[in-house]
Amino acid sequence: MKQIITGLLIASISFFTISCLQEDTNKVRVAINTGPDELIWDEIIHVAKMTEGLDVEVVAYNNYIQPNEALQKKEVDANAFQSIPYLELQMQEHNYKFNIASKTFLFPLAAYSKKISDINELKEGALIAISNDANIRGRALLLLEKENLITLKDGVGFLARPKDILYNPKSLQFIEVDTPQLADKLNDPSISMAIINNNFSSQAGLLATRDGLILENKNSPYANVIVTRVDNMNDEKIQKLISVLHSKSIELKVKEVYKGDAIKAW
């Protein structure tokens, strides 16, 4: 009798262990930011369960610090909220051992104007409004360089300033303002163009893909990414999550939520 009870206990423990392992294999916790992305992740949760048998649990934070801290502490398996330049800066500052699992979507920075309707109409000496935020300012100058309107010094990286412009064939002038004021600067008669990030252009009723004179493309380093730790970068559940994120269903959901103003970056 004792042997039978012992055998049953061992079997129960074995079954419980296997069940826990299966649950762990099929469950992934992801840190994101609060906001419109939560609507997209509701769809990801549904699609992941239906197509991959994957249980996705989302933890939403209202800042840009906690998602990386949570990943570092192994409170989540991945996060999805940041661009590559921001990630690289955080890894350098905090010595995070992270890995880019995949690109997701780009929310493009674009140049807007009420004075011209084509970038080729930009006149010599035109005044351009850009953000005084170091990251967004650098991003704006990289966009202008991509369009061959300026050339930056080698090695300036993502934090370029107007003083880092090496070649400026149209002698473009720049005014730096607080980011939330950029859209208002379009009404300033002295300003030919303003380069505005997605958060504030959308608030002004502007869409990069519809109204932008120039905008970032999917090759931009500012695409958002799925990030894991190095120690779980090859987990099967991460690969399943990426497969869901790249699915047509999610692409359509992102298009619906962001009204077409998001570009798939993979």
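1. The lining of the largest cavity has eight nonpolar, two polar and one charged residues. Ala, Val, Leu, Ile, Met, Phe, Trp, Tyr, Cys and Pro count as nonpolar; Asp, Glu, Lys and Arg as charged; the others, Gly among them, as polar. The model is predicted: local features need pLDDT of at least 70 and side-chain atom pairs pLDDT 80 or more, while totals for chains, interfaces and linings use all residues. Numbering starts from 1 along each chain as its sequence is written, and side-chain values use heavy atoms, without hydrogens and water.

2. **The cavity itself.** The structure holds one cavity of 30 Å³ or more. The largest cavity has a volume of about 140 Å³. A cavity is a set of points, on a 1 Å grid over the protein atoms alone, where a 1.4 Å probe fits but cannot get out; a pocket is an open set with protein on both sides within 12 Å along at least five of seven lines; lining residues have an atom within 4 Å of a point. Points join across faces, edges and corners, and volume is the space filled by probe spheres set on them.

3. **Who lines the cavity.** The lining residues are D37, I40, W41, A80, F81, T104, F105, F107, N224, L245 and V254. The largest share, three residues, is from α2. Helices (H or I, at least four residues) and strands (E, at least two) are DSSP runs, numbered from the N terminus.

4. **First sheet.** The strand order β2-β1-β3-β13-β4 describes an open sheet of five strands with mixed pairing. Pairing requires at least two DSSP bridges between two strands. At the edges are β2 (55-61) and β4 (98-103), each pairing on one side only. Neighbouring strands here are turned by 30° against each other on average, direction ignored. Strands β1 (residues 27-33) and β3 (residues 78-83) pair in the parallel sense, over two bridges. V30 has A78 in β3 as its bridge partner.

5. Helix α2 (residues 37-52) lies across β1, β2, β3 and β13 (224-229). Its direction is at about 165° to β2. Helix α4 (residues 84-94) also packs on the sheet and touches β3, β4 and β13. The direction of α4 makes about 110° with that of β3. Contact means heavy atoms within 4.5 Å. Axes are lines fitted to C-alpha atoms, for helices over the stretch in contact, with angles from 0 to 180 degrees between N-to-C directions.

6. Another open sheet of five strands, with mixed pairing, has the order β10-β7-β11-β6-β12. The edge strands are β10 (173-177) and β12 (214-215), and each pairs on one side only. Strands β7 (residues 127-131) and β11 (residues 193-196) run parallel and are joined by two bridges. Opposite I128 stands M193 in β11. Helix α5 lies across β6 (110-112), β7, β10, β11 and β12. It runs at about 135° to β7.

7. **Domains.** Domain 1 covers 27-108 + 221-264, and domain 2 covers 110-215. These bounds come from an automatic or database domain assignment. The domain centres, taken over C-alpha atoms, are 29 Å apart. Domain 1 puts 11 residues into the contact and domain 2 puts in 12 residues.

8. **The pocket.** Where does the largest pocket lie? Both domains give residues to its lining, so it lies between them. Its volume is about 1,100 Å³. Of the 31 residues that line it, Y64, F81, F107, N197 and N199 are the closest to its centre. F81 and F107 also line the largest cavity.

9. **Make-up of the pocket lining.** The elements giving two or more residues are β3, α4, α5 (134-146) and α6 (198-203). Helix α6 gives the largest share, four residues. By class, the lining of the largest pocket divides into 13 nonpolar, 12 polar and six charged residues.
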